[in-house]
Amino acid sequence: MAELDIGKHCQVDSCNLKDFLPFVCDSCGGVFCLEHRSKDGHSCSKESVKRESGTAGGTTSYPCSFEDCKGKELLPVICPQCEKHFCLAHRHQDNHKCEKLEVQKPRMQATKELVQKIVESKDGSKSKGRRGAKNSATAAKVALMKLKLHAAGDKGLPQTERNYFQVYLPKEFKDSSKPMFFCSKWSVGKVVDYAASLAGLKNNNNVLTAKKLRLCHPQTGEAFQMDDTLLSLLAHPETPLYNGGNVILEYLDNECTGLNDISDYITQN
């Protein structure tokens, strides 16, 4: 019966001891005995990660690659982009000025620049563009992008129910207009009340003898009925309102059905 060949010889030349339970180095793949199993014991030259010996107790540390930084970490902190070691303070790309860092413009700033380019391409001049936008659904769509950046309203409303307008305020008010958004399902009366609260306007619509705060069409000057819905005004077959367009808020006498002259609003805004 043949003899079983159990064990392997240590690959250290000066040792060559046959060990029945040899150790395999995870770096160089060599086979070694108990005495030479450590990397230092067999002078391993193929360690996977470069290490620097620490000053206390033979521990290892990883120095930061950032210029003039003396920081070290006990565990490797490697940037996934440039694949260099850094301390915790310099681990992020912008902190160690990563050579592969891609600088991106903030989303809001990029949107503002896009809106500005569209507006400039549509307008021959600032004042002319405003006047021409009154009867244009296309211009309202362009204005809608700009209104969405600044409009005030109920943040709890679903995006699908929001309608945005540049609300022209009463002539004696300090601000000529404010961007706002309302729910398409609201009545004109609720829109008026909500717009008044946003703009800080005095609202005496519940006082019989007082002037009433009314919402008016930006082209015809007609005062809308309080029980009309915003949705019905947007779908009007002849003189619709536009999502992104304008509306006028003004104090009118009880018997008054609209504005006599809307040119003052157009000029001042």
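Leaving aside its neighbours within four places in sequence, which residues is H36 in contact with? Before I answer, please keep in mind that this is a predicted model, in which local features need pLDDT of at least 70 and side-chain atom pairs count only at pLDDT 80 or more, while totals for chains, interfaces and linings use all residues. Residues are numbered from 1 along each chain as its sequence is written, and side-chain values use heavy atoms, with hydrogens and water left out.

The residues in contact with H36 are C10, V12, C15, G41 and H42, where contact means heavy atoms within 4.5 Å. H36 itself sits in the loop between strand 4 (31-32) and strand 5 (52-53); helices here are DSSP runs of H or I with at least four residues, strands are runs of E with at least two, and both are numbered from the N terminus. H36 counts as buried because its relative accessibility is 12%, and buried means under 20% relative accessible area, with a 1.4 Å probe and protein chains only.

Four strands form an open sheet in the order 9-8-11-10, with mixed pairing, and two strands are taken to pair if DSSP finds at least two bridges between them. Its edge strands are strand 9 and strand 10, each of which pairs on one side only. Strand 8 and strand 9 run antiparallel and are joined by seven bridges, and R162 has C183 in strand 9 as its bridge partner.

Helix 3 lies across strand 8 and strand 9, at about 90 degrees to strand 8, whereas helix 4 lies across strand 9, strand 10 and strand 11, at about 135 degrees to strand 9; these angles run from 0 to 180 degrees between N-to-C directions, with axes fitted to C-alpha atoms, for helices over the stretch in contact. The buried residues of helix 3 are A140, V142, L144 and L147.

That brings me to the largest nonpolar core, which has 28 residues, and in which F165, V167, F182, L201, L215, L241 and L249 have the most contacts. Such a core is a set of buried Ala, Val, Leu, Ile, Met, Phe, Trp, Tyr and Cys residues joined through side-chain atoms within 4.5 Å. Elements giving two or more residues to this core include helix 3 (137-150), strand 8 (162-168) and strand 9 (177-183), but helix 4 gives the most, with six residues.

Methods:
Buried < 20%, exposed > 50% of the residue type's maximum accessible area, 1.4 Å probe, protein only.
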